[in-house]
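Look at the sequence and the 3D view that follow, and keep both at hand. The paragraphs after them go through the structure one part at a time.

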Amino acid sequence: MIEYNRYAVGRVVRRVRKEKQLSQEIASGLAGLARSHLAMIENGSKQANFETVWKIANALGMCPHELVRLIEKEIRENEWTDKGRAGRSRSVPEPLRQGKALFAHCGCRWYNSYAFYELCV
């Protein structure tokens with residue numbers, strides 16, 4: 001059984017969008033989404049519901065099942081652990097794993113979110 005992973009969804013959407021040479025603005029317009037919504041899906045900070053995945057797939061010129069198949073493949077091929085996203089050598093700091101992250105070096109507070117940790121470091 002494959003567990004849903006919003007980071008895998010974002011990676012696949014971004015990769016396919018770039019392969020089709022579409023900007024976020026064009027792809028989001030074709031999908032009927034705000035550009036910021038697509039950006040948040042691509043960076044994993046927002047979880048796309050099935051209707052949104054359907055709209056994105058159509059905007060990318062593919063059937064929703066093809067996009068879902070690519071996402072499943074991405075999840076299977078990459079190990080997603082609390083040590084970070086696949087292909088990353090950095091590990092998540094202990095305070096973040098405990099849900100007590102406070103990144104004083106940049107003044108940001110992000111609780112239990114590796115995606116935003118990466119933005120802060």
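Does E74 count as buried or exposed? At 5% relative accessibility, E74 counts as buried; the term buried means under 20% relative accessible area, exposed means over 50%, and partly exposed lies in between, with a 1.4 Å probe and protein chains only. The model is a predicted one, in which local features need pLDDT of at least 70 and side-chain atom pairs count only at pLDDT 80 or more, while totals for chains, interfaces and linings use all residues. Residues are numbered from 1 along each chain as its sequence is written, and side-chain values use heavy atoms, with hydrogens and water left out.

E74 sits in helix α5, which covers residues 64–77. Helices here are DSSP runs of H or I with at least four residues, strands are runs of E with at least two, and both are numbered from the N terminus. The side chain of E74 is joined to that of R15 by a polar contact of 3.1 Å. A polar contact is a pair of N or O atoms within 3.5 Å; within protein, one must be able to donate a hydrogen and the other to accept it, and residues adjacent in sequence count only if both atoms are side-chain atoms.

Now take the chain as a whole. The protein chain has seven helices and zero strands, so its elements, read from the N terminus, run α-α-α-α-α-α-α. Of its 121 residues, 39% count as buried. Contact means heavy atoms within 4.5 Å. Among the contacts in the chain with a separation of 6 or more, 50% are between residues 24 or more positions apart.

Helix α3 shows how burial can be arranged. In α3, residues 35–42, the buried residues are L38, A39, I41 and E42. Seen down the axis of α3, these buried residues fall within an arc of 160°, so they line one face of the helix; the arc is that of the directions from the helix axis to the C-beta atoms. The cover over the buried residues of α3 includes α1, α2 and α4. Just after α3 comes G44, with a positive phi of about 85°.

Another positive phi belongs to Q21, a residue other than glycine, where the value is near 55°. Q21 lies in the loop between α1 and α2. With a relative accessible area of 73%, Q21 is exposed.

The next topic is empty space. Rolling a probe the size of a water molecule over the atoms shows where empty space is left. On a 1 Å grid over the protein atoms alone, a cavity is a set of points where a 1.4 Å probe fits but cannot get out; a pocket is an open set with protein on both sides within 12 Å along at least five of seven lines, and lining residues have an atom within 4 Å of a point. Grid points are joined across faces, edges and corners, and a volume is the space filled by probe spheres set on the points.

The structure holds one cavity of 30 Å³ or more. The largest cavity has about 40 Å³ of space, and its lining is made of V13, R17, A27, S28, A31, L33, L38, I56, A59 and L60. The elements that give two or more residues to this lining are α1 (6–19), α2 (24–31) and α4 (50–59). The largest share, three residues, comes from α2. By class, the lining has eight nonpolar, one polar and one charged residues. Here Ala, Val, Leu, Ile, Met, Phe, Trp, Tyr, Cys and Pro count as nonpolar, Asp, Glu, Lys and Arg as charged, and the others, Gly among them, as polar.

The second largest pocket holds about 190 Å³ of space. Its lining includes I2, E3, Y4, F50 and I75. α4 and α5 each supply at least two residues of this lining, and α5 gives the most, with four residues. The lining divides into nine nonpolar, one polar and two charged residues.

Y4, one of the residues that line this pocket, is found in the segment before α1. At 45% relative accessibility, Y4 counts as partly exposed. Leaving aside neighbours within four places in sequence, Y4 is in contact with V9, Q47 and A48. Y4 and Q47 are 43 residues apart in sequence, and 9.7 Å apart in space, C-alpha to C-alpha.

N5 also belongs to the segment before α1. At 14% relative accessibility, N5 counts as buried. Its side chain reaches the backbone nitrogen of A8 at 3.0 Å.
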